[in-house]
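User: I've got this one open on my screen. Can you walk me through it?
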Amino acid sequence: MDYKRARLIYNPTSGREEMKRRLPDILQRLEMGGIETSCHATTGEGDATRAATEAIERGFDMIIAAGGDGTLYEIINGMAEQEYRPPLGILPLGTTNDFARALGIPKHWEYACDLIIQQYTRMMDVGKANDRYFINIAGGGSLTELTYEVPSKLKTMIGQLAYYMKGLEKMVRLRPTELLIQGNGFAPIHEEIMLFLICNSNSVGGFERLAPEASLDDGLFDVIVLRKCNLPEFIRIASMALRGEHLNDPHVIHFRTDQMTVTTPDYVQINLDGEYGGNLPGAFQVLPAHLPIIVDESGHSSYN
Ligand SMILES: Nc1ncnc2c1ncn2[C@@H]1O[C@H](COP(=O)(O)OP(=O)(O)OP(=O)(O)O)[C@@H](O)[C@H]1O
């Protein structure tokens, strides 16, 4: 058997600690599939970034991200600037697993392991936001802050419900922000907005049809800007977005670009793949076909 050496970077606290419980079974299944795996358990914020860079320096053939979107985001930040980037496998064992859902990577660990064993890779676009990187989504506007404001203890206790509770709290205090958005291929936007979302994939934030035309390998971002609106309008548009019917609403601006800048006179935080990614101003750019990610060869979505 042609053995591969993989570095599995896992967050022992993610997804209500499921990863910790599953680890021995995962290692055994990968071993049986010809992948010799050594592990790094993350110790806190930023550790997965350092571990990914170190894994590349040590010459591993593959990196496996095991945990949620936060762990994946940190690993991508450890890989994106390296000259050689080995294939990245994903074991979605977090709370929301947005990116795995977008790629159709199975939620069940056995099937996710089998995909990694098959090692079919696709080159995916990566987003650059100032000096950081994201794979799924970048955004701003007070509602987008909810993903990193949910206390991790609450996530461990009640899972995804913690995000819904925080979302309701943020919606009640929704405020518009003045933004100037400029870039390639669209007219500049200068107005008060509720939020902006720069989508690399088509499934983000639990909304599976938020950016229906977005593709991870087209060299473009799909950008969605929600204009100033009141709470009932916001709820109406959000429910349309659940069905992918929001793009023609007059409150929604939608365009595609490979590069854009966002400036504001206000204090606005940047959300990158659900994590805090600094503040505006922001320069956003697509790095086309930048990262080999292990996916389902059939291309069918099997996340469930
Ligand atoms: N040992 C650790 N103890 C506490 N926090 C950690 C530890 N290791 C990593 N972290 C932090 O936990 C955060 C969240 O982890 P992760 O995204 O993997 O899981 P999740 O929150 O359950 O899933 P999701 O992001 O998909 O909702 C990461 O931002 C990371 O910095």
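This is a predicted model: local features need pLDDT of at least 70, side-chain atom pairs count only at pLDDT 80 or more; totals for chains, interfaces and linings use all residues.

User: Which residues of H2 are buried?
Analyst: H2 spans residues 47-57, and its buried residues are Ala48, Thr49, Ala51, Ala52 and Ala55. They sit on the same side of H2, because they cover an arc of only 165 degrees around the axis.

User: And what comes just after H2?
Analyst: Gly59, with a positive phi of about 80 degrees.

User: You mentioned H3. How many of its residues are buried?
Analyst: 11 of the 11, so H3 is largely enclosed by the rest of the structure.

User: OK, new topic. Which residues come nearest the ligand?
Analyst: Ser14, Gly67, Gly68, Gly70 and Gly94, out of 24 residues around the ligand.

User: Which element gives the largest share of that shell?
Analyst: H3, with 4 residues. Helix H1 (14-32), H3 and helix H7 (152-158) each supply at least two.

User: Which domains does the shell draw on?
Analyst: Domain 1 (4-119) and domain 2 (132-288), with at least three residues from each.

User: How far apart are the centres of domain 1 and domain 2?
Analyst: 26 Å, taken over C-alpha atoms. As for contacts, 16 residues of domain 1 meet 21 residues of domain 2.

User: What gives the largest share of the domain 1 side?
Analyst: H3 again, with 6 residues on the side that touches domain 2. That side of domain 1 divides into 6 nonpolar, 5 polar and 5 charged residues.

User: Now the largest nonpolar core. Which residues touch the most other members?
Analyst: Ile9, Ile63, Ile64, Ile76, Phe196 and Cys199, in a core of 81 residues. Strand E9 (residues 189-199) gives the most to this core, 7 residues. Domain 1 and domain 2 both contribute, so the core lies between them.

User: Back to Ile76. What is it in contact with?
Analyst: Leaving aside neighbours within four places in sequence, Ile76 is in contact with Val126, Tyr133, Ile135 and Leu291.

Conventions. Residues are numbered from 1 along each chain as its sequence is written. A residue is buried if 20 or more other C-beta atoms lie within 10 Å of its own, exposed if 12 or fewer, and partly exposed in between; C-beta atoms are placed from the backbone. The arc is that of the directions from the helix axis to the C-beta atoms. A residue is near a molecule or strand if its C-beta atom, placed from the backbone, lies within 6 Å of it. Domain bounds come from an automatic or database domain assignment. A nonpolar core is a set of buried Ala, Val, Leu, Ile, Met, Phe, Trp, Tyr and Cys residues joined through C-beta atoms within 7 Å. Two residues are in contact if their C-beta atoms, placed from the backbone, lie within 7 Å. Ala, Val, Leu, Ile, Met, Phe, Trp, Tyr, Cys and Pro count as nonpolar, Asp, Glu, Lys and Arg as charged, and the others, Gly among them, as polar.
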